[in-house]
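Subject: Structure handover

Hi,

Here is the structure I promised to pass on. My notes follow below it.

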Amino acid sequence: MVDVDWLFLIEVLVGGLLSGVMYSLVAIGFVLIYKTSGVLNFAQGAMLLFAALTFVSLVERGVPFVLALVLTFAVMVLIGIAIERTVLRPLTNKPPITLFMATLGLSYIIEGAAQLIWGTQVHGLELGIEDIPFDVGGVFISQFDLFAAAVAAAMVAALSVFFRYTRIGLAFRAVADDQFAALAVGLKLPRIWATVWAAAGVVALVAGLLWGARLGVQFSLSLVVLKALPVLVLGGFDSILGAIVGGLLIGATEKLAEVYIGEYFGGGIEGWIAYVAALAFLLIRPSGLFGQKLVERV
């Protein structure tokens, strides 16, 4: 019989789940855009980088923390609206590959603009939360991971309230369900799309600050979008709940696999095991756990 250290197993599992929350933050930005317009926004990582770099650069120039946060919030909202008006709107009804390539090119433009405005140096970002563990019944949990999970939960709750109880939120849900029906009842798609892109900019700000505090604000920060792809495959590209559940599953899978089977593969499997899981899941359920099936069997 295998002797299992249950406290250690719980500690690894909790650490993985909390890391998965960070992945979910990035994935939610993808879901917001894809759900309303069918665009896989590959520029989300660049928006995340721009937000983190703008905030930390303002703080380093003496702008108070809260004011820098408000200014960065305003900048990301404006960027989201500008992207919708200058890129998405002219390409309405174009093939999905055209829209994807547009967002891919847009990601390089945003990164280049960030470099032009703020420079290329690496920045440290402090949010006032130390990344140190504390003991909970023998299980060590990172304070920063708990803080990130609380922020993510608050943001998801805010988005849920917004989309469920506000007028623009109800319009968003109508467009997500059926764009043609939404047009038929008089909803203005450009206004809704602009609002959703602005919301994606705000999500990028939150994710950028948390990831920047963990990894440092540098240009490789935009590559965290790659971590969101397996999350979207598992959870579904058009489900916020799927982004959350997918992030938790991917985070837990990475940590458990690295600790318990990594030695059989020479270690370092945490960086790629999520993509193996996503590929296997694609073969079983291409639409993801909570994604809408494109074709229903008769």
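S222 touches G45, A46, L49 and E111, leaving aside residues up to four places away in sequence. Contact here means heavy atoms within 4.5 Å. S222 sits in the loop between helix 8 (189–215) and helix 9 (225–235). S222 counts as buried because its relative accessibility is 6%. The cut-offs are under 20% relative accessible area for buried, over 50% for exposed, and partly exposed in between (1.4 Å probe, protein chains only).

Before the rest, the ground rules. This is a predicted model, with residues numbered from 1 along each chain as its sequence is written. Local features need pLDDT of at least 70, side-chain atom pairs count only at pLDDT 80 or more, totals for chains, interfaces and linings use all residues, and side-chain values use heavy atoms, without hydrogens and water. Helices (H or I, at least four residues) and strands (E, at least two) are DSSP runs, numbered from the N terminus.

Next, a helix pair. Helix 2 (residues 44–60) and helix 4 (residues 96–118) pack at an angle of about 15°, and their axes are 9 Å apart. Axes are lines fitted to C-alpha atoms, for helices over the stretch in contact; angles run from 0 to 180 degrees between N-to-C directions. The two helices are therefore roughly parallel (under 35 degrees; over 145 is roughly antiparallel, 65 to 115 roughly perpendicular, the rest oblique). On the helix 2 side, the contact includes A46, L49, F50 and L53. Helix 4 brings residues including I110, E111, A114 and W118. The residues of this contact divide into 11 nonpolar, three polar and one charged.

L125 lies between helix 4 and strand 1. At 6% relative accessibility, L125 counts as buried. L125 touches F55, V56, L209, G212, A213 and V217, again not counting residues up to four places away in sequence. L125 and L99 are 26 residues apart along the chain, and their C-alpha atoms are separated by 33 Å.

Last, the strands. Strand 1 (residues 133–136) and strand 2 (residues 139–142) run antiparallel, joined by four bridges; strands pair if DSSP finds at least two bridges between them. V136 has V139 as its bridge partner, and P133 has S142.

Best wishes

Definitions and conventions: Nonpolar A, V, L, I, M, F, W, Y, C, P; charged D, E, K, R; others polar.
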